[in-house]
Amino acid sequence: MDILFYFTALLCGYSYFLSPLILKLVPARSSKSVQIINDNNLPRLSLIITAHNEENRIRAKLENTLQIDYPKDHLDIIIASDFSTDATHSIVESYANQGIRLVRADERKGKEYAQLCAIRASESEILVFSDVATKIPAEAFRLLANRFSDDQIGAISREDQFISNEGRVVGEGAYVIYEMWLRRLESDRAGLVGLSGSFFAARREVCEEWDIYCPSDFNTGLNCAKQGMVAITCPDVIGIYKDVKNPGLEYRRKIRTVIRGITAISRHPEVLNPFSMGMFAFQVWSHKIMRWAVPWFMLAFAVLTLMLQGQGVVYTLALVAQMVFYALALTGWLSAHMLENIIVKIVFFFVQTNLALAMATISFIFGKRMTVWTPSQR
């Protein structure tokens, strides 16, 4: 039982602490220096923006898109409507004379299906995927084009940053800082396991196998690995998000996201085979599978801690530490005021995330699947 205690403690921290350390010890892959491409040689890009009933936000998104600094004859802007039923279509069509196209999905089958409809309607060599909530920096496309000058790069993800309405880093923001650091480690080795779903770009050949039942940010990274390319993160392109308006809705979004992630692995189990996928498989195991298992490791650790009480000071300290940890999370849940404390918010976010992981796993086992999506309001 002593051995199990320390082993489960190790498993709890593996995905967050040990696996990044292992990645640090693995030599980074060699890469070409970034070339600055002049306007005459820039690749043609298609920007695919997915939307579902976004009449309140689509106009601001279109205005932001029109500010992109990229030759207009090399840029194709497509709004991929996931069977919108409000005024989204009419608003987009009013921008037709400014080079913006509308592609309508014939039924609501989710973001990936709407993206697939737009992919089929495009002819560009580089496809850029975004959503309505994401503001794109004016210089982003030139930065992406320069990165694609390296032919081993199959896809590029931007980096994310979360802040509160007052401009402070929030619980989720602190987590995202860590997540972006981990992505850089993966980017420099076998490539990203998952890209930023709100803004990423990929070569057209990477998008040929487009699984509409698999999150596109994961599927794109997988396709890159299959084709001998890598998906990388681009620190020069930053996306800033505000904290969620409703933590309860965000909790449900996390459940949906994880169910979709588990579904993706179940549909593409080859990604877990290190003999065929190499280092990429190790990264998937560490970043996805072991991360999803953390709540069950935490539960086992708590049970073992209780069973070992009275057998040593280490077990007593472990019990006290866990009681304080979960008390902070409970405080954040009960008190909106206390949730403003950065420590409380980080602990609350961590516990909430792992509860969502556990609920998603149970839901998946009992047959629940997710296709359609509703963006969180921020």
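A: Helices (H or I, at least four residues) and strands (E, at least two) are DSSP runs, numbered from the N terminus. This is a predicted model, in which local features need pLDDT of at least 70, side-chain atom pairs count only at pLDDT 80 or more, and totals for chains, interfaces and linings use all residues. Residues are numbered from 1 along each chain as its sequence is written, and side-chain values use heavy atoms, with hydrogens and water left out.

Q: Which element gives the largest share of the nonpolar patch?
A: Helix α11 does, with four residues.

Q: And which residues make that patch?
A: M1, W296, L299, V303, M307, I362, I365 and F366 form this nonpolar surface patch of about 840 Å². Two or more residues come from each of α11 (294–307) and α13 (342–365).

Q: Is W296 buried or exposed, or in between?
A: W296, in helix α11, is partly exposed at 35% relative accessible area. Buried means under 20%, exposed over 50%, and partly exposed in between (1.4 Å probe, protein chains only).

Q: How do the axes of α11 and α13 cross?
A: They come within 8 Å and cross at roughly 105°. That makes α11 roughly perpendicular to α13, a term for angles of 65 to 115 degrees.

Q: Which residues meet there?
A: From α11, V294, P295, W296 and M298 meet F350, N354, L357, A358, T361 and I362 of α13; contact means heavy atoms within 4.5 Å.

Q: New topic: where is S187?
A: S187 is in helix α6 (residues 171–187). Its relative accessibility is 3%, so S187 counts as buried.

Q: What does S187 touch?
A: Leaving out residues up to four places away in sequence, S187 touches R29, L192, A231, I232 and T233.

Terms used: Patch = residues over 30% accessible without salt bridge, like charges linked within 9 Å, V, L, I, M, F, W, Y side chains within 5 Å. Areas by Shrake-Rupley, 256 points an atom, 1.4 Å probe, with all protein chains shown as cover. Salt bridge = Lys/Arg side-chain N within 4 Å of Asp/Glu carboxyl O. Axes fitted to C-alpha atoms, helices over the stretch in contact; angles between N-to-C directions. Parallel < 35°, antiparallel > 145°, perpendicular 65-115°, else oblique.
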